[in-house]
Amino acid sequence: MNRLARRISRAIDTGGPLSIAAFMAMALHDREDGFYASREAIGARGAFVTAPEISQMFGELLGLWCVQAWRDQGAPRRAYLVELGPGRATLIQDALRAARLAPDFLGSIEVVLVEAGAAQQALQRERMRDAPVAIRWIEQWSAIASDRPIFVLANEFLDALPVLQFVMTERGWCERVITANGTRKLAFALAPDPTMLEIPNGRGAAEPGAVYEVSPASLALIDEVSGGIGRRGGAALFIDYGYCEGGFGETLQAVRQHKPADLLDAPGEADLSAHVDFAALARAAKSAGTEAHGPLSQGDFLRALGIEERAAELAARNPEHGTAIASAIDRLTGEAAMGKLFKAIAIVPRGAPAPPGF
């Protein structure tokens with residue numbers, strides 16, 4: 001049992017079982033021992049590799065997506081360009097490099113990076129020292145002022161937001177919680193009293209043992225982002241792995257050094273994530289007064305933005321890298337890789353033009 005597990009066990013002894021959401025928050029964001037507190041999570045040495053790390057084409061296309069979305073809404077003279085969870089800052093670097101083709105866009109935006117991890121923020125500051133625009137860091141979305149249009153990029157951000165799980169029992173839906181057994185080892189259990197749940201239509205009947213997984217944090221964020229876009233204008237693009245409409249089942253997983261790990265074994269030493277319910281995101285955006293476009297598969301979205309043409313251009317200029325470029329295209333758009341499982345959804349004000357790619 002590591003140090004964070006012992007602290008969690010003591011917290012359970014004092015306050016009772018923890019929700020899975022509370023456990024995830026501690027395991028990922030505890031300032032002393034959380035996964036993002038002191039380690040490099042992304043890349044070969046981290047737990048996972050994200051699309052921006054696979055190829056510069058990904059961030060370039062998203063940067064140009066922002067430029068076109070900005071122009072579609074009248075090219076406002078003052079706007080925010082926000083990235084949620086910038087990681088190693090690779091995406092925003094590539095996006096801003098591509099946006100140099102639109103100096104009017106760069107002259108109108110202030111970049112805001114939303115990053116709660118101190119180690120990650122320090123890395124981002126180092127890598128963004130020569131950025132062509134002003135950059136500001138904040139720890140959470142609520143710190144963004146609502147005084148101008150907001151253009152948002154979020155790649156593999158929602159999957160790390162906390163989830164709750166409920167299991168269908170003879171008593172009804174009971175929340176799955178985390179307890180500490182006699183040896184203080186962390187374990188899953190079910191709350192004794194059932195919870196009244198409103199299950200979205202289309203999931204079918206829940207058999208005994210069925211698991212319903214929901215992310216209130218993701219839905220709250222979409223509501224806040226959509227509210228800002230609805231009032232001031234802008235657009236948001238979320239790309240993540242997940243599903244459009246599902247039945248019941250659990251997707252929460254732990255990954256440590258690119259390999260599956262036990263969820264409770266060593267909290268803070270593995271990345272925790274869950275598949276994103278894109279249908280729920282779309283409903284939340286519409287309820288907040290905005291329009292949701294998608295979800296589209298990442299492969300279809302990137303092809304619509306011209307990734308194959310960009311790859312051909314790069315390969316023609318750098319023939320020695322042709323094999324690597326083709327491999328990157330396959331990883332980003334292939335159905336057996338990221339192209340089908342990962343999806344994109346965009347949020348714009350009501351009445352705004354459909355965003356690029358949709």
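In the model, which is predicted, Arg 176 touches Ile 20, Gln 165, Phe 166, Val 167, Phe 188, Ala 189, Leu 190, Val 211 and Glu 250, residues up to four places away in sequence not being counted, where contact means heavy atoms within 4.5 Å. Arg 176 lies in strand S7 (residues 172–180), strands being DSSP runs of E of at least two residues and helices runs of H or I of at least four, numbered from the N terminus. With a relative accessible area of 16%, Arg 176 is buried, a class that covers values under 20%, whereas exposed means over 50% and partly exposed in between (1.4 Å probe, protein chains only). The C-alpha atom of Arg 176 is separated by 10.0 Å from that of Glu 213, the two residues being 37 apart along the chain.

Residues are numbered from 1 along each chain as its sequence is written. For this predicted model, local features need pLDDT of at least 70 and side-chain atom pairs count only at pLDDT 80 or more, while totals for chains, interfaces and linings use all residues, and side-chain values use heavy atoms, with hydrogens and water left out.

Strand S5 (residues 150–155) has six of its six residues buried, so it is largely enclosed by the rest of the structure. Both of its faces are covered, with Ile 150, Val 152 and Ala 154 buried on one side and Phe 151, Leu 153 and Asn 155 buried on the other. S5 runs parallel to S2, to which it is joined by four bridges, and parallel to strand S10 (residues 234–243), to which it is joined by six; two strands are taken to pair if DSSP finds at least two bridges between them. Val 152 of S5 stands opposite Val 82, and in S10 the bridge partner of Val 152 is Ala 236.

A further three strands form an open, antiparallel sheet in the order S12-S11-S13. Strands S12 (259–261) and S13 (271–273) stand at the edges with a single partner strand each, so one side of each is left without a neighbour in the sheet. Strand S11 (residues 253–256) pairs with S12 over three bridges in the antiparallel sense, and Val 255 stands opposite Pro 260 in S12.

Helix H12 (residues 307–317) and helix H13 (residues 322–333) have axes that come within 9 Å and cross at roughly 165°, the axes being lines fitted to C-alpha atoms over the stretch in contact and the angles running from 0 to 180 degrees between N-to-C directions. H12 is therefore roughly antiparallel to H13, a label given to angles over 145 degrees, while angles under 35 count as roughly parallel, 65 to 115 as roughly perpendicular and the rest as oblique. The contact is made by Ile 307, Ala 311, Leu 314 and Ala 315 of H12 together with Gly 322, Ile 325, Ile 329, Leu 332 and Thr 333 of H13.

Several backbone features are also noted. Ala 75, in the loop between helix H5 (56–72) and strand S2 (79–84), has a positive phi of about 50° although it is not a glycine, and at 29% relative accessibility Ala 75 counts as partly exposed. Ala 89, in the loop between S2 and helix H6 (90–98), likewise has a positive phi, of about 70°, but at 0% relative accessibility Ala 89 counts as buried. The peptide bond from Gly 294 to Pro 295 is cis, with omega near 10°, and Pro 295 is placed in strand S15 (residues 290–297).
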